[in-house]
Amino acid sequence: MFTTYFWNKYHLYRQKVIFFTVLSCIFVIGLSNEANAQRYEYKRIYDEFYDDKIVHFGFLFGFGSSRFNVYHSKNFGSGSTSDSSVTIVSPGNFAFQVGGLVNFKLTDRFDFKTGLNIALYGREVDYRFTNSPNFPAELRESTWLEIPLLMKYKSQRRGNSRMFVDAGVKIGIEANVRKNAASTKKLDTRTGDLSLEYGVGFEQFFKYFKFTPELRFSHGLTNMFIPPTNNNAYARDIQRLNAHTVTLFLMFE
């Protein structure tokens with residue numbers, strides 16, 4: 001008899017079972033949808049038609065380190081003179097750049113970058129001689145006008161970010177030639193340079209602008225060293241000087 005009235009004894013009516021099952025399903029589905037919504041939260045895309053424009057303008061600031069790559073002459077280490085140098089090195093000194101930039105779109109993946117920068121360099125050459133271990137260094141402080149010519153390859157945009165690499169050459173002209181010519185008697189350098197440049201960076205899009213940090217390396221191709229007319233100790237053991245610069249650029253477009 002107990003089995004005959006099983007449902008009535010425990011008050012498990014069919015309607016209640018169905019109602020409880022439906023509520024459980026709705027609860028589980030709701031939790032699942034909420035989890036998916038949190039996982040795939042909508043992210044606003046800033047300036048999504050940015051790449052439709054052919055030309056973009058901006059400005060930049062650069063902070064880095066610059067020095068000379070020193071190549072010794074055949075006289076270095078020969079000891080043929082009493083005041084011959086023991087070491088000649090060029091430590092890295094702070095460099096600063098500011099300027100404008102222009103970016104031309106070539107294809108969906110390639111751009112051409114150029115501009116005009118004003119660069120402040122303080123390249124130094126340190127000497128140590130046999131008879132004078134603490135010989136004063138020769139410092140070349142100069143202001144340059146530089147024009148980079150770079151090809152840029154950019155990745156596919158992911159939301160508001162993308163990576164890129166660029167490479168090319170840079171033309172440099174020293175602006176304060178007359179001042180340096182009057183003040184530098186011991187070590188003289190040329191007033192023009194051609195450099196090989198390459199870098200890597202990423203673009204971050206914001207509501208009103210695009211922010212682009214880039215780490216760029218510059219290797220001078222021109223021999224900056226000018227042999228002096230007199231055989232002074234500062235220049236006797238040097239054959240070649242090439243500029244080398246590492247710069248962190250902060251660009252805004």
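How many bridges join E5 to strand E6 (residues 161–174)? Eleven bridges do so, and the two strands run antiparallel. The model is a predicted one, in which local features need pLDDT of at least 70 and side-chain atom pairs count only at pLDDT 80 or more, whereas totals for chains, interfaces and linings use all residues. Residues are numbered from 1 along each chain as its sequence is written, and side-chain values use heavy atoms, with hydrogens and water left out.

Strands (E, at least two residues) are DSSP runs numbered from the N terminus, and two of them pair if DSSP finds at least two bridges between them. Strand E5 (residues 138–154) also pairs with strand E4 (residues 110–129), in the antiparallel sense and over 13 bridges. Within this pairing, Lys113 stands opposite Leu150 in E5. On the E6 side, Met151 has Ala167 as its bridge partner. E5 and E6 form a hairpin with six residues between them, and Gly159 in the turn has a positive phi of about 70°.

A nonpolar core is a set of buried Ala, Val, Leu, Ile, Met, Phe, Trp, Tyr and Cys residues joined through side-chain atoms within 4.5 Å; buried means under 20% relative accessible area, exposed over 50% and partly exposed in between, with a 1.4 Å probe and protein chains only. Leaving aside neighbours within four places in sequence, Val125 is in contact (heavy atoms within 4.5 Å) with Phe68, Ile88, Val89, Ala137, Glu138 and Leu187.

A search of the whole structure finds 16 salt bridges, each defined as a side-chain nitrogen of Lys or Arg within 4 Å of a carboxyl oxygen of Asp or Glu. In one of them, the side chains of Glu214 and Lys113 meet at 3.2 Å, N to O. Glu214 lies in strand E9 (residues 210–220) and Lys113 in strand E4, so the pair ties together parts that are 101 residues apart in sequence. Glu214 has a relative accessible area of 0% and is buried; Lys113, at 9%, also counts as buried. Glu214 forms a salt bridge with Arg216 as well, the closest N and O atoms being 3.0 Å apart, and Arg216 is likewise buried.

Glu203 and Lys152 form a further salt bridge, with 2.3 Å between the closest N and O atoms. Since Glu203 lies in strand E8 (residues 192–205) and Lys152 in strand E5, the pair ties together parts that are 51 residues apart in sequence. Both Glu203 and Lys152 are buried, and both belong to a network of salt bridges that also links Asp51, Asp111, Lys154, Arg162, Lys210 and Glu253.

The charged end of Lys152 also sits over the ring of Phe164, 4.9 Å from its centre. The criterion is that NZ of Lys or CZ of Arg is within 6 Å of the ring centre and within 35 degrees of the ring normal. Arg157 lies over the face of Phe205, at 3.7 Å from the ring centre.

Methods. Helices (H or I, at least four residues) and strands (E, at least two) are DSSP runs, numbered from the N terminus.
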